[in-house]
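This briefing concerns a protein interface and a pair of packed helices. Please consult the sequence and structure shown here.

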Amino acid sequence: MDSAIQEQSICQKCVMPEVKPRIWLNEERICNLCVDHANKPPLQPLLESDFIKTLDKHRGKHRYDCLVMCSGGKDSTAALYFMKKRYNLNPLAFMFDHGFETEEAINNVKRAVAKLGVDFVFYKTEHMKEMFKNIVKSKSKAIICHPCSIWYMDLAFDMAEKHDAPIIIAGWTKGQSEKQEVMSKCGCNVHAAEYADMAKETNRFLEEHTEKTGKYRDFPRTMEELLAKSKKKKHKAIVLSPHWFLPYGPEEYVKIIKEEVGWEYTKNSYPSKTTNCNMNFVSAYNAMKFFGYTHYHVEMSKLIREGVITREQALEDLKMQFSDELLNDVLSKIDCTVDDLRK
Amino acid sequence: MYILGISCFYHDASACLIKDGVVVAAAQEERFNRDKYSPVFPIQSINYCLQHEGITSYDLDHVTFYEKMYLKFERTIVSHIEGFPFTYKNFLDTMPLWLKDRLVVPLYIKDELTFNKKIWFVKHHLSHAASSYFLSPFNQAAILTVDGVGEYASATYGFAHENKIEIKKEISYPHSLGLLYSIVTAYLGFRVFSGEGKVMALAEFGTPCYIKEFNELIDVREDGSFRINLDYFSFNRGEKMHNKKFIKLLGEERPEDAPIAQRHKDIAASLQKVTEDVVLKMARHAYRETKSPNLCLAGGVFLNVTANSRILNETPFKNVFIQPAAGDAGSAIGSALYLYHSILNNEKRTTMINSALGPHYNLSQIEIILKNKRLKYTKTSTSEELTKKVAQFLADGKVVAWFQGRMEFGPRALGNRSILADPRSPTMKDWLNLTIKHREDFRPFGASILRERVSEFFEFDHDSPYMLYVAHFQKKYQGAFPAITHINGTSRIQTVRREENHRYYELISEFSKLTDVPMLLNTSLNDTEPIVCTPLSAIDLFLKTKIDYLAIEDFIVEK
């Protein structure tokens, strides 16, 4: 599949394509997101001492000090490692498999929890399959990862309540969440130019389809709705990522988790060098088809602006090099084919 | 054993981390928050120190603070009561600072660091003394500390032997040489903390013809002790520390933007002469009392390179040691080492080899920025290739920003965050002052010279690794290096040994091979802001000024 964006329509500083009217390039072929970023005063760095202060407010007062959302990827595995080893906490590792997680990712988490000696909840479910199928079959522009993220976050809040963990730890990196603006609010700013259209389509799908399907009747329509719901819980968990507070980049912590907990890269994932689930191939395919970019383009653009990766590396990692055979293999689990994506 | 040392709430806030008696990290807060001489709680420096060592506050065994806040508060209150009602406004202005920050230091530290073990408070001048002695190579030494004011003391002398430091005598506030220097600095239209060095430079353009007037202001005795004539000052009584009588004695003060007249230069020269005379007398007295061949100096006054040089040359001491952060920043280290050696009685000592105690950045971090900014750069494959190329640029008259290894601790750039140039150039000083440093044209630049060749060029044959001495050129070189020569024919010098800074030593050596001049002009890598800390700051400075090349680790960046 060749969904590569033409180089001349990509911002010369980051990897965002020109998608008018929300994202546009100026005469120097720099996107409005980069221009806005350059004009903003630099953010004060988040300090590890502040992170520790938050951790210590809750340390030892609950059954678990925190719940770590584990995907088997490098960032969440490092987050689990830091919680146990660097901050000496009693974390509960939590992983779900909606039927599309890879064996490699699951094994990464299993090895890590065994090595670190932490309790582990593995939640396997078919709950989301019908929704994924609906998105594909209905030709919705909803980004498959979005309702899945909302569901996963909802599940994490439930698990934190059930297992009495006051803090939810995510493996979000500096590119994956607005650091200071959305502290403890988990996730991205859906009103930002780069996310607004995608979020609108996801919201529209959820509005139209969840009412029709009994099992999804209570499914939160947006991340904001989910957060409002979580605030009403008796047990209020906050969400944080250690990566916002630490100066170490993947270069440093991948080495640590490889050595300490036997973490390994997966063979095939999108973007390269990630550990995303197999449904993510379908999600990314649809995102490119409908919007011209994926949320990984947004995240990597932020990482470029933060000085974490180079633009050329991001362009390389974002190349879509997966085949119809792979897509068909994933789609067969929800009784769909590549033709359903292309019709 | 890990000890975190902290200094803050006045100026030059800093933090350091000591591991088993060795300083493993230290930095000033200004380098991170970009506020020059920043006084705030040095939380970014602390985070840096801990992360550099890969530890968190849970791993700390002790935390030290560089002065006794309650004692200082007592002095402040007494001073305000004595001056009431004239001190009332100042009292209202300063009390919130005390109540918000200074008096709650223990709570501050416990809260910010979630640290629940004991916090140790070491007297201000004892912290100064320890910062010098415990980093020196000496097993016993006389110690002299002089600054503005600590709790009560403004100057002390003492004696250190093995692990113990004994302060023998002290001079108390308001009698303070450091304060006098700062008051005259403000009177001459310069800013306190940043202006003292300018006054020192300006002094060389004047003649000390106001000595009679200064004798009215300060009564100096043969042992170096002194009393300030309080009739001429208004401590805590208003925005200015000098009064009408002071103006009657020395004339109208100079507004900040007014031209500098000969009178101002002469007053600066007189102040400098008095300062030198006082510290010389103090040092001679310390020698008479201790008979030690070794002297350790600390306190902000010993950033005065001219005074230091006279002590080195004109007293009986054979060896003099000053650590690079002689002011309050260095006291963070002093308080921590005082706890480690004198209180906890650990004997193992480590001599300071260089001041590179700050952050460093790896090649991939730097290359990401260079690539994303689309800069024209080359990566050298060996250190030799880098130093040869940069030496050639310098010999060709180019200005090079030199960003290498760990950032220096203290006010001087010593070959890790430096701007370098050819000292022979007759136009370089003005070019740098005007287009890159944006500072007064009378201010001279320092030089870095290979230690083994220093006596060939200067009337000087000592170690000066932290650029804290000046020296006259040898007769045959007078006038040969205009870019680094002050009006009085001296230059502020840093001697460089290979073991202190390998790459910098190699660079100067390569320059010497091309020019037969084993020295470079060396000034700090900044304009009017604090010295740069990160690669991004260095690149931004490089792009906005007329620096020709940036040598950042193995990369050479050009415009």
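The points below cover the interface and then the helix packing.

This is a predicted model, in which local features need pLDDT of at least 70, side-chain atom pairs count only at pLDDT 80 or more, and totals for chains, interfaces and linings use all residues. Residues are numbered from 1 along each chain as its sequence is written, chains are lettered from A and ligands numbered from 1 in the order in which they are written, and side-chain values use heavy atoms, with hydrogens and water left out.

**Interface of chain A and chain B**

- Contact (heavy atoms within 4.5 Å) joins 26 residues of chain A to 18 residues of chain B.
- The buried area, the accessible area (1.4 Å probe) that two parts lose on being put together, summed over both, is about 1,900 Å², with 45% given by carbon and sulfur atoms.
- Two salt bridges (a side-chain nitrogen of Lys or Arg within 4 Å of a carboxyl oxygen of Asp or Glu) are found across the interface.
- Lys53(A) and Glu112(B) form a salt bridge, their closest N and O atoms lying 3.3 Å apart.

**Helix packing in chain A**

- Residues of helix 3 of chain A, including Leu80(A) and Tyr81(A), meet Ala112(A), Val113(A) and Leu116(A) in helix 4 of chain A.

Note on methods. Helices (H or I, at least four residues) and strands (E, at least two) are DSSP runs, numbered from the N terminus.
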